[in-house]
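Please keep the sequence and the model in view while reading.

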Amino acid sequence: MSATIDNSQSQDQLGQLNQALESGAFIQVRRMLNSLPAPDVAHVIESSPPKTRAVIWRLIDIEREGEVLPYLNDEIENQFLRNMDSEELLTITEGLEADDVADILQQLPDRVIWEVLQMMDKQDRQRVEQVLSYPEDTAGGMMNTDTITVRAKTPLEVVLRYLRRHEELPEMTDNLIVVNRRDEYIGQLPLSKVLVSDPGITVREIMVTDIDAIPATMDDGEVAKLFERNDWVSAPVIDEQGKLIGRITIDDVVDVIREDADHSLMSLAGLDEDEDTFAPVVQTVTRRAMWLGINLITAFLASSVINLFEGTIDKVVALAILMPIVASMGGIAGTQTLTVVIRGMALGQIGSNNSGWLISKEFMVGVLNGLCWSLVVAIAVTLWFDDGLIGLIIAGAMVINLIIAGLAGAFIPIALRRLNIDPALAGGVVLTTVTDVVGFISFLGLATFFYR
């Protein structure tokens, strides 16, 4: 889960809490924290520096800690969990859904997980163990085991009586799940149909059988696409034998979509999606240093290309002034293509059947954009330096670089994915290197040829 809250309301609450903390009014802070919804408390914690977080956490009632933890990002959640013993972990997970308990336990060492599971009652332990048996990023790892099932031959009148015996239905229950005697999934019974249909008919007469259940091993990204494409609120999950083992609800899918978006955004800068805004200086420096080092290597590569044409630059000083234009235009054009292609990959729109067409399209876009903007730049440079030759040179270099940028922006993420490398993480660095090197070589190479 992840914390969401209206921004203006959030700032007001955070301001009031900070004032109360600074004044030492901890009783007031405790009252405020324990009156807020769990997502809002998580947001307040994530919006506070580390020392303040520790104080806020101690002021939260232990019964509410389990409600707040699933809404924190993994890094902050792990910081709090490391300081808890098995009994405290059992207390905070009591009453949580199986998937939320599994999410919390997966942050802990195997020894601690085993201790907490042994302290649970048999039914809860079986539910959590079932979720833990699947990787976190699969349908099985996302699912909740709290389901309501019915048989196809059951009259609706009996179904209605059965539902009234429950004090409350599981959250996000829009369908009852129809199974046979072996608990194999055979269809769904929409509650909307139950309420308006003749109580004398059976489940079989109005159940929906054309919606497939989700395999437990399906990747969470594919699950999110199915929910988005079909506008589902919930969906059943089955094991390899077709038996119902749980269901996934839209709130968990929204979390996956948000995490994927965070991953793509942060990866463009070489950062983890759980990067803490208020992390300590040393920790932040350590995480960012490696990416800066990689970029430094690529910068040296581009500089070494420029150094090859030192003599030409000495003869025509204007080249040094104009070089950034060619590289910058290529970088922007390539980034546009790269972003569109990575987005298409995330949506499942790009495959081996259409990648060739996409690369050809970006080639033509590069040609047309190159011809258009090279003409503009050539006129501007010619008027600026009163030199038609240098205008011609920069125009030629820009056409070359925009074409290569378009091709690279389309080809690089496709190639990286085939190599099992995250395109969002590595694509930007590779693309920038290509457009810088090609831009400098084409511009300075053409200048060397014409000004020799």
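## Aromatic pairs

Tryptophan 57 and phenylalanine 80 are both buried. They belong to a predicted model, in which four aromatic pairs are found. The ring centres of tryptophan 57 and phenylalanine 80 lie 4.2 Å apart with their planes at 5°, so this pair counts as stacked. The pair joins distant parts of the chain, since tryptophan 57 belongs to helix 4 (residues 50–59) and phenylalanine 80 to helix 6 (residues 74–81), 23 residues apart.

Another aromatic pair is made by phenylalanine 449 and phenylalanine 450, and its geometry is edge-to-face, with 5.2 Å from centre to centre and 85° between the planes. Phenylalanine 449 is partly exposed, because its relative accessibility is 48%. Phenylalanine 450 is also partly exposed, because its relative accessible area is 39%.

Glutamine 188 is located in strand 3 (residues 185–190). Its relative accessible area is 5%, so glutamine 188 is buried; the cut-off for that class is under 20%.

The side chain of glutamine 188 is joined to that of asparagine 175 by a polar contact of 3.2 Å. Leaving aside residues up to four places away in sequence, glutamine 188 touches Asn175, Leu176, Val178, Met207, Val208, Ile211 and Pro236.

## Cavities

Two cavities of 30 Å³ or more are present in the structure. The largest cavity has a volume of about 40 Å³. Its lining is formed by Asp146, Thr147, Ile148, Pro170, Thr173, Asn175, Ile177 and Arg247. By class, these lining residues are three nonpolar, three polar and two charged.

The second largest cavity has a volume of about 30 Å³. It is lined by Asn175, Ile177, Gln188, Ser234, Ala235, Pro236 and Arg247. Strand 2 (175–179) and strand 5 (234–238) are the elements that give two or more residues to this lining, and strand 5 gives the most, with three residues. In this second lining, three residues are nonpolar, three are polar and one is charged.

The volume of the second largest pocket is about 610 Å³. It is lined by 25 residues, of which Gly95, Leu96, Glu97, Ala98 and Arg127 are the closest to its centre.

Which elements each supply at least two residues of this lining? They are helix 7 (86–93), helix 8 (98–105), helix 10 (122–132) and strand 6 (244–249). The largest share, three residues, comes from helix 10. Ten residues of the pocket lining are nonpolar, five are polar and ten are charged.

## Helix 15

Helix 15 spans residues 220–230, and its buried residues are Asp220, Gly221, Val223, Ala224, Lys225 and Phe227. As a general point, an α-helix has 3.6 residues a turn, so residues three or four places apart point the same way.

Both ends of the helix have a feature of note. At the start of helix 15, a side-chain oxygen of aspartate 219 comes to within 2.8 Å of the backbone nitrogen of glycine 221. After helix 15 comes aspartate 231, which has a positive phi, near 55°.

How values were computed
Residues are numbered from 1 along each chain as its sequence is written. This is a predicted model: local features need pLDDT of at least 70, side-chain atom pairs count only at pLDDT 80 or more; totals for chains, interfaces and linings use all residues. Side-chain values use heavy atoms; hydrogens and water are left out. Buried means under 20% relative accessible area, exposed over 50%, partly exposed in between (1.4 Å probe, protein chains only). Helices (H or I, at least four residues) and strands (E, at least two) are DSSP runs, numbered from the N terminus. A polar contact is a pair of N or O atoms within 3.5 Å; within protein, one must be able to donate a hydrogen and the other to accept it, and residues adjacent in sequence count only if both atoms are side-chain atoms. On a 1 Å grid over the protein atoms alone, a cavity is a set of points where a 1.4 Å probe fits but cannot get out, and a pocket is an open set with protein on both sides within 12 Å along at least five of seven lines; lining residues have an atom within 4 Å of a point. Grid points are joined across faces, edges and corners, and a volume is the space filled by probe spheres set on the points. Ala, Val, Leu, Ile, Met, Phe, Trp, Tyr, Cys and Pro count as nonpolar, Asp, Glu, Lys and Arg as charged, and the others, Gly among them, as polar. Rings of Phe, Tyr and Trp (its six-membered ring) pair if their centres lie within 6.5 Å; planes under 30 degrees apart count as stacked, over 60 as edge-to-face and the rest as tilted. Contact means heavy atoms within 4.5 Å.
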